[in-house]
Amino acid sequence: MPGERIGAAWRKLRREKLADREFRRSAAQNPLTRPIATASARRLFDYTAGFVYSQILKAVVELDLLALLADGPRKAEDLSGPLRMSPEAVKKLLDAAAALDLVERLENGSYEIAALGSALQGETGVRAMIAHHDMLYADLADPVKLLRGEAGETRLSRFWPYAGGGEVGEEGAAPYSELMAASQTFVADDVLDVFSFGDRNSLIDLAGGDGAFVETVARRWEHLAIAMADLPPVAERARQRLAAAGLGDRIAVHGLDLFADRPPGEADVVSFVRVLHDHDDERVVALLKLAHDALTPGGEVMVAEPIADMPGAARVGHAYFGFYLLAMGSGRPRTSAEIAELMERAGFWSVRTRFTRGALPLAVITARRSSEGPMWRI
Ligand SMILES: CC(C)=CCC/C(C)=C/CC/C(C)=C/C=C/C(C)=C/C=C/C=C(C)/C=C/C=C(C)/C=C/C=C(C)/C=C/CC(C)(C)O
Ligand SMILES: C[S@@+](CC[C@H](N)C(=O)[O-])C[C@H]1O[C@@H](n2cnc3c(N)ncnc32)[C@H](O)[C@@H]1O
């Protein structure tokens with residue numbers, strides 16, 4: 001087709017021209033192409049240096065630097081004592097943080113929190129994510145070994161013991177459950193902004209962690225009957241958390257293994273929030289079939305997770321979660337079409353995808369169980 005031929009010729013020209021240093025230099029000098037040339041060079045620099053930015057962020061979070069600036073501007077010398085480093089080192093850190101727009105250097109030489117710093121300070125979940133990236137950083141030290149499956153046991157596979165098919169005890173469940181609960185702040189409200197329980201009567205949240213998601217649902221939708229399930233040690237954490245939140249009587253919590261036990265009861269919505277991407281295809285189909293059987297006729301399964309082909313946020317899907325799950329050792333981010341196909345394999349129809357609009361965009365994918373029951377199953 002002529003369109004395809006033109007496209008291929010253009011890509012060939014771009015490939016050849018952009019690999020040529022002289023062409024790149026002249027593009028950087030020409031006022032018409034300079035903005036594109038500069039932006040592309042900066043982008044490549046940012047990829048090259050990105051791990052340094054992340055480590056500066058890590059130091060800011062580990063030292064709780066932004067909390068020290070919470071009451072107003074401070075001079076580097078004043079922070080030397082609390083941070084246990086020389087004033088020169090504090091200044092180096094503050095200048096680097098200023099370059100990342102986390103803080104701002106004022107004319108009198110003191111430093112104040114800037115816009116991104118305030119956002120970071122307001123998001124406990126993001127700080128928890130940054131802190132736990134120590135493990136991912138170590139696991140990615142040799143990305144080629146990881147891709148070739150030669151990296152051996154990774155730190156993230158130990159952090160997420162269920163991912164390797166291992167037993168999950170109380171001690172193993174605590175760190176990942178805390179991280180998941182902390183990061184629900186940028187998940188639950190965003191999901192509920194695009195998926196309403198207004199005309200539903202009941203929900204079962206499967207692999208619901210320690211209940212942070214159902215807690216938000218319960219507060220928004222007071223009429224809804226709610227149950228959740230997770231592995232026994234995680235379910236116990238959820239019981240305690242929900243009892244402390246005064247929701248112990250409202251939300252039924254079941255401790256079970258979704259790959260061995262039956263789900264609790266029946267509901268007209270069954271949800272999986274940040275669950276399917278942890279598992280390989282066959283397990284995902286098994287989970288979806290389980291949801292199918294737990295739904296009332298005409299009920300809906302609701303899946304919320306980052307997907308591979310996130311519109312406007314491609315790096316979140318294939319790049320970040322692609323490599324995160326590779327290091328974790330099971331699952332993968334899927335495209336919305338791949339999730340739809342697995343849903344259809346499990347007997348669902350009428351698949352629909354919506355996107356959340358928050359800092360960490362998620363796809364909310366729903367599908368229906370036929371009101372006729374199992375006749376739709378393929
Ligand atoms: C009027 C004024 C005052 C200002 C105007 C100027 C202005 C608009 C400035 C902008 C400032 C602003 C509003 C900034 C907002 C920034 C925000 C909200 C940033 C939020 C960032 C969120 C981030 C970075 C989230 C990261 C999430 C991560 C890394 C999640 C990881 C999840 C994992 C690893 C999940 C694992 C589960 C598993 C294993 C895959 O199942
Ligand atoms: C990534 S977390 C998501 C938790 C929660 N839905 C959220 O978004 O915060 C995945 C959850 O799946 C649970 N899980 C893993 N394997 C399971 C199994 N076989 N049966 C029940 N739950 C399981 C884990 O305990 C964990 O709480």
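Predicted model: local features only at pLDDT ≥ 70, side-chain atom pairs only at ≥ 80, totals over all residues.
**Entry 1**

On the H3 side I found Ile-56, Ala-59 and Val-60, and they meet Leu-93, Ala-96 and Ala-97 of H6. I sorted this contact by class and got six nonpolar residues, with no polar and no charged ones.

Next I checked the geometry. H3 covers residues 34–62 and H6 covers residues 87–99; their axes come within 10 Å and cross at roughly 120°. H3 and H6 are therefore oblique to each other. I noted the handedness too: H3 and H6 make a left-handed crossing.

**Entry 2: helix H3 against helix H8**

I stayed with H3 and turned to H8, which spans residues 124–139. The two pack with their axes 10 Å apart, at an angle of about 125°. The crossing of H3 past H8 is left-handed.

For this contact, H3 supplies Phe-51, Gln-55, Leu-57, Lys-58 and Val-61, while H8 supplies Arg-127, Ile-130, Asp-134 and Tyr-137. By class I listed five nonpolar residues, one polar and three charged in the contact of H3 with H8.

**Entry 3: helix H8 against helix H16**

I followed H8 to its contact with H16, which is made of residues 314–328. Here the axes are 10 Å apart and the angle is about 80°. H8 and H16 are therefore roughly perpendicular to each other.

From H8 I wrote down His-132, His-133, Leu-136 and Asp-139; from H16, Tyr-320, Phe-323, Tyr-324 and Ala-327. The contact of H8 with H16 has five nonpolar residues, two polar and one charged.

**Entry 4: around ligand 2**

My last stop was ligand 2. How many residues surround ligand 2? I found 17, and the closest are Tyr-176, Ala-207, Asp-230, Asp-257 and Val-273.

Then I looked up some polar atom pairs:

- Asp-230 has a polar side-chain atom 2.6 Å from an oxygen atom of ligand 2.
- Gln-184 has a side-chain N or O atom 2.9 Å from an oxygen atom of ligand 2.
- Leu-258 uses its backbone: an N or O atom there lies 2.9 Å from a nitrogen atom of ligand 2.

Terms used:
Residues numbered from 1 in each chain as written. Chains lettered and ligands numbered in written order. Heavy atoms only, no water. Axes fitted to C-alpha atoms, helices over the stretch in contact; angles between N-to-C directions. Helix = DSSP H or I, 4+ residues; strand = E, 2+ residues; numbered from the N terminus. Parallel < 35°, antiparallel > 145°, perpendicular 65-115°, else oblique. Left-handed = near helix turned anticlockwise from the far one by under 90°. Contact = heavy atoms within 4.5 Å. Nonpolar A, V, L, I, M, F, W, Y, C, P; charged D, E, K, R; others polar. Near = heavy atom within 4 Å. Polar contact = N/O pair within 3.5 Å; in protein donor to acceptor, adjacent residues only side chain to side chain.
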